[in-house]
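Welcome to this short tour. Open your viewer, show the side chains, and we will go from stop to stop together.

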Amino acid sequence: MSAKKKAIECLSLHKTFGGKPVLEDISFEVGEGTVLGLVGPNGAGKTTLLKILATLVLPSTGKALICGRDVTVNPIQVKKRLGIVFSEERSFYWRLTGFQNLRFFASLHNLNRKDRAARINELLEAVGLGEKGHVRFREYSSGMKQALGIARGMLHDPPILLLDEPTRSLSPDIAGKVRKLIRDKAEEEGKTVLIASHNLKEVEHLADRIAVIHQGSVRAIGTAQALKGQCGLSQSSDLEMVFESLSIGD
């Protein structure tokens, strides 16, 4: 991690709900311009971890830092540096069009009035909604709503993106556009991306490193190639085999 400045740091994070541990001793770093994929079954703690980093949930113990800022101590400063996309999106205004929704959120981020329209249209095009910006949100399909959520997360050009199942509801063509957008953000613009997904092929394609989370703890973290080698698997193996190997005995 010495070659890249740390964008995200988790330091012995623990989280319990009702006395039940959900995250246990989570520690890892993500360098600037890096895509880290989080994989694991339902209930593994992936979404809880993202919500802690997004300042939506407080850790029980330990620390999480975004660009060196503690998510508990400096939540306002942290939020300014984050683009957040969760799979269940309920905060859009149903009577407004996609464009009008993004224009409203652009105003909350104090985006320059002269640049707003161009920025919004650029993002609508990038997520496959170029011809749907004039359509009211209530008429959007679930996939279109998800795509608009992705556009909103990138609206203020944040250095870090937290993405929870970003392509889950998308059609194959739009999912392809979004994957390209994510890689371009990292490779060309130096964005840091933390993506949680059940789509293991997608994670292997997008991520520079992968963290396998199971029962609230990180079982392993590294490149796909390194994880396969660690598990004694051939490089032609898929991530499903990696996960199965790491969770044997539970």
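Start by selecting K6 and E29: their side chains meet in a salt bridge, with N and O 3.2 Å apart. Keep in mind as you look around that this is a predicted model. K6 sits in strand β1 (residues 6–17) and E29 in strand β2 (residues 20–31), so this pair ties together parts that are 23 residues apart in sequence.

With that, K6, E9 and E29 are linked in a network of salt bridges.

Which of them counts as buried? E9 does, because its relative accessibility is 13%, and the cut-off for buried is under 20%. K6 is partly exposed at 34%, and E29 is partly exposed as well, with a relative accessible area of 25%.

Next, switch to a cartoon view and follow the strands. In what order do the four strands of the open sheet lie? The order is β2-β1-β4-β5, and the pairing is antiparallel. At the edges you will find β2 and β5 (69–70), each of which pairs on one side only. As a general point, strands of a sheet pair through backbone hydrogen bonds, either parallel or antiparallel.

Zoom in on strand β4 (residues 61–66) where it runs beside β5: the two pair in the antiparallel sense over two bridges. Select L65 and look across to β5, where D70 is its bridge partner. Then show helix α1 (residues 46–53), which packs on the sheet and touches β1, β2 and β4. The direction of helix α1 makes about 120 degrees with that of β1.

For the last stop, select K228 and E204. They form a salt bridge whose closest N and O atoms are 2.7 Å apart. K228 lies in helix α8 (residues 224–230) and E204 in helix α7 (residues 200–206), so the pair ties together parts that are 24 residues apart in sequence. Is K228 buried or exposed? K228 counts as buried, because its relative accessibility is 4%, whereas E204 is partly exposed at 28%.

Terms used
Residues numbered from 1 in each chain as written. Predicted model: local features only at pLDDT ≥ 70, side-chain atom pairs only at ≥ 80, totals over all residues. Heavy atoms only, no water. Buried < 20%, exposed > 50% of the residue type's maximum accessible area, 1.4 Å probe, protein only. Salt bridge = Lys/Arg side-chain N within 4 Å of Asp/Glu carboxyl O. Pairing = 2+ DSSP bridges. Contact = heavy atoms within 4.5 Å. Axes fitted to C-alpha atoms, helices over the stretch in contact; angles between N-to-C directions.
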